[in-house]
Amino acid sequence: MSDSGKSPQSARVRARFRPYTGPLCFDVGSHTTKLLTENGQFLTLPTCFIRHISTKAVMAVGERVIKMLGKLPEDVEVVFPVRAGQVVDSVGFSQFVQAIAQEYVASDLLAFLRPVKLKAALLYSSHETQRAVFEKTLRQLSWRVQLQPMSTALWAAVSGQHLFTTQGCVIDIGGMTTKIYLFAEQQLSVSQVVEFGGDDWTMDIIQTLRRECHLEVGWSTAEELKRTALRFTGRQQKHTVQGKDVVSGLPTAKVINDELFLTGSSRLVERVIQSFEEVCQNAQPELVAKVLERGIYLTGGGSLIPGLGAVLQETLKLPVSVAIKPLEDIVRGLAVS
């Protein structure tokens with residue numbers, strides 16, 4: 001069942017009579033799936049679902065899954081089909097995509113005569129196994145399927161904003177991976193994917209609170225602190241954090257200054273800088289010179305950390321443009337590429 005509470009039949013009726021305006025675009029990330037519907041609506045939902053252990057039936061998708069974490073009965077499990085940009089559970093991946101697509105893809109005679117065009121971005125587009133899993137899953141929904149490298153979709157999004165003409169650098173900080181792309185003559189020239197991303201910031205917050213404050217917090221609390229307390233610029237603030245005392249094991253609340261997280265966060269920024277320098281070392285001098293001239297486009301969920309773009313700009317001595325809607329770049333790039 002889905003969060004909307006609407007039956008699959010009503011979903012198919014909505015899909016049947018909705019006028020076609022564009023492709024249905026998927027960006028299935030390790031933590032968050034971004035979806036651009038035919039009418040241009042942008043949606044996000046967690047890349048996980050609840051499945052019955054014995055029957056393997058899908059019980060819930062969407063935000064409801066996150067709310068149920070830690071409160072699940074013994075006969076169900078939470079499935080994360082994608083990790084670090086790769087499908088690790090092909091059956092689960094198929095179940096997940098079909099569960100979220102049933103709201104937007106009709107499954108009747110009209111759907112066969114005028115099928116929805118499905119487009120998806122692949123991080124590892126050269127991996128035949130990953131491509132086969134994506135294609136097989138999407139072809140169960142429509143025979144009009146197009147798969148594109150994530151780099152192609154990002155370049156389409158950036159060039160559509162007229163930030164770069166033919167050369168440029170894009171850094172995409174996701175949940176579990178950071179992608180660095182250098183483009184020359186509108187084609188990908190050099191790239192590097194590092195298994196490091198927003199999760200590392202979240203884990204650093206958990207470890208810092210435990211080490212410095214003897215406070216144990218869960219993943220959801222750390223994620224919220226990453227959005228509200230982690231900052232590289234502006235006036236420092238205090239936050240009341242609820243958790244469990246490490247020594248006594250009892251519930252407690254402590255007032256934390258967000259400056260506490262700066263040291264660990266700065267070390268993580270150094271990993272982004274180091275990866276960028278490695279990419280430049282493998283690129284042609286002429287291309288690196290163009291990047292120095294045009295700067296860097298920063299996108300992905302990690303770019304939402306306040307002040308991160310300014311820190312990179314100050315450290316690298318390069319202009320850094322931060323995406324206005326970083327979560328939407330890939331699916332909107334898919335739509336126009």
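Mentor: Let's start with a rule: two strands count as paired if DSSP finds at least two bridges between them. Keep in mind that we're looking at a predicted model.

Trainee: Okay, how many bridges join strand β1 to strand β2 here?

Mentor: First the general idea: strands of a sheet pair through backbone hydrogen bonds, either parallel or antiparallel. In our case, four bridges join β1 (residues 24–28) to β2 (residues 32–36), and the two run antiparallel. Zoom in and you'll find Val28 standing opposite Thr33 in β2.

Trainee: In what order do the strands of the open sheet come?

Mentor: Five strands line up as β3-β2-β1-β9-β10, with mixed pairing. The edges are β3 (42–46) and β10 (145–149), each of which pairs on one side only. From one strand to the next, the twist averages 20°.

Trainee: And which strands of the sheet does α6 touch?

Mentor: Helix α6 packs on the sheet and touches β1, β9 (118–122) and β10. Compare directions, and α6 makes about 85° with β10.

Trainee: How do I read a pair of helices, say α6 and α12? At what angle do their axes cross?

Mentor: Picture each helix as a line. The axes of α6 (residues 150–160) and α12 (residues 329–336) come within 7 Å and cross at roughly 85°. An angle from 65 to 115 degrees counts as roughly perpendicular, so α6 is roughly perpendicular to α12.

Trainee: Which residues of α6 and α12 meet there?

Mentor: From α6 you have Met150, Ala153, Leu154, Ala156 and Ala157, and they meet Asp329, Ile330, Gly333, Leu334 and Val336 of α12. Sort the residues of this contact by type and you get eight nonpolar, one polar and one charged.

Trainee: Now a single residue. Is Asp204 buried or exposed?

Mentor: Check how much of its surface is accessible. Under 20% relative accessible area means buried, so Asp204, at 9%, counts as buried. Asp204 lies in helix α7 (residues 198–213). Setting aside residues up to four places away in sequence, Asp204 touches Phe261, Gly264, Ser265, Arg267 and Leu268.

Trainee: Last one, zooming out: how many helices and strands are in the chain?

Mentor: The chain has 12 helices and 18 strands. Its radius of gyration is 21 Å, close to the 20 Å the globule rule gives for 337 residues, so the chain is as compact as a globular protein of that length. Buried residues make up 49% of those 337.

How values were computed: Residues numbered from 1 in each chain as written. Predicted model: local features only at pLDDT ≥ 70, side-chain atom pairs only at ≥ 80, totals over all residues. Heavy atoms only, no water. Axes fitted to C-alpha atoms, helices over the stretch in contact; angles between N-to-C directions. Parallel < 35°, antiparallel > 145°, perpendicular 65-115°, else oblique. Contact = heavy atoms within 4.5 Å. Nonpolar A, V, L, I, M, F, W, Y, C, P; charged D, E, K, R; others polar. Rg over C-alpha atoms; globule rule 2.2 N^0.38 Å. Buried < 20%, exposed > 50% of the residue type's maximum accessible area, 1.4 Å probe, protein only.
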